[in-house]
Amino acid sequence: TVCSCFKRCWVIPEMIAQALATVLMLVSMHWFVFLLNLPVASWNVYRYVKVPMGNMGVYDPTEIHNRGQLKSHMKEAMIKLGFHLLCFFIYLYSMILALIND
């Protein structure tokens, strides 16, 4: 399907971007944000590594419908949405705080 193909195309860039953001927070010594990003980056790598041989990727359309994995993928998407919203407001607060202090 088109949706699963679109999602499969974004798994590796999402994993790289999350890992890069985590490493940048570690290098810049933003410990709270680093510790906030570390579990999500680890989960992305774990999820990519644990794809069974023979599957098309993390979002294999036949496996999602055969095993009923759609509900777990929707739960994961909602958790990620909440995480990204939380990060957005933390980054916005940090930016405003940095602008006020300068």
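Is Trp 43 buried, partly exposed or exposed, and what is its relative accessible area? Trp 43 is partly exposed, with a relative accessible area of 41%; buried means under 20% relative accessible area, exposed over 50%, and partly exposed in between (1.4 Å probe, protein chains only).

The structure is a predicted model, in which local features need pLDDT of at least 70 and side-chain atom pairs count only at pLDDT 80 or more, while totals for chains, interfaces and linings use all residues. Residues are numbered from 1 along each chain as its sequence is written, and side-chain values use heavy atoms, with hydrogens and water left out.

**Overall architecture**

The protein has 5 helices and 0 strands, and its elements run α-α-α-α-α from the N terminus on. Helices (H or I, at least four residues) and strands (E, at least two) are DSSP runs, numbered from the N terminus. Of the 102 residues of the protein, 25% count as buried. The accessible surface comes to about 7,600 Å², and 76% of it belongs to carbon and sulfur atoms; these areas come from the Shrake-Rupley method with a 1.4 Å probe, and for residues only the protein chains shown count as cover. Contact means heavy atoms within 4.5 Å. Among contacts between residues at least 6 apart in sequence, 60% join residues at least 24 apart.

**Annotated spans**

An unreviewed UniProt entry carries the annotation "transmembrane region" for residues 16–38 and 81–100. UniProt positions are given in the numbering used here, feature names are shortened, and annotations may be inferred rather than shown by experiment. Residues 16–38 are 87% helix and 0% strand, with end C-alpha atoms 13 Å apart. Residues 81–100 are 100% helix and 0% strand, and their end C-alpha atoms lie 29 Å apart.

Thr 22 is located in helix H2 (residues 11–27) and is buried, with a relative accessible area of 5%. Leaving aside neighbours within four places in sequence, Thr 22 is in contact with Phe 34, Asn 37, Leu 38 and Ala 41.

Helix H3 (residues 31–49) has 19 residues and reaches 26 Å from its first C-alpha to its last, close to the 27 Å expected at 1.5 Å a residue; the expected span is 1.5 Å times one less than the number of residues. H3 bends by about 30° at Asn 37, and Pro 39 follows within four residues. The bend at a residue is the angle between axes fitted to the seven residues ending there and the seven starting there. The buried residues of H3, Val 33, Phe 34, Asn 37, Val 40, Ala 41, Asn 44 and Arg 47, pack against H2 and helix H5 (70–101).

The 32 residues of H5 should span 46 Å at 1.5 Å a residue, and its end C-alpha atoms are 46 Å apart, which agrees. The buried residues of H5 are His 73, Glu 76, Lys 80, Phe 83, Cys 87 and Ile 90.

**Aromatic pairs**

Rings of Phe, Tyr and Trp (its six-membered ring) pair if their centres lie within 6.5 Å; planes under 30 degrees apart count as stacked, over 60 as edge-to-face and the rest as tilted. By this rule the count comes to 3 aromatic pairs, among them the tilted pair of Trp 43 and Tyr 46, at 5.5 Å centre to centre and 35° between the planes. Being 3 residues apart in helix H3, Trp 43 and Tyr 46 are separated by about one helical turn. The ring centres of Phe 88 and Phe 89 lie 5.1 Å apart with planes at 70°, so this pair is edge-to-face.

| Residue | Relative accessible area and class |
|---|---|
| Trp 43 | 41%, partly exposed |
| Tyr 46 | 44%, partly exposed |
| Phe 88 | 46%, partly exposed |
| Phe 89 | 53%, exposed |
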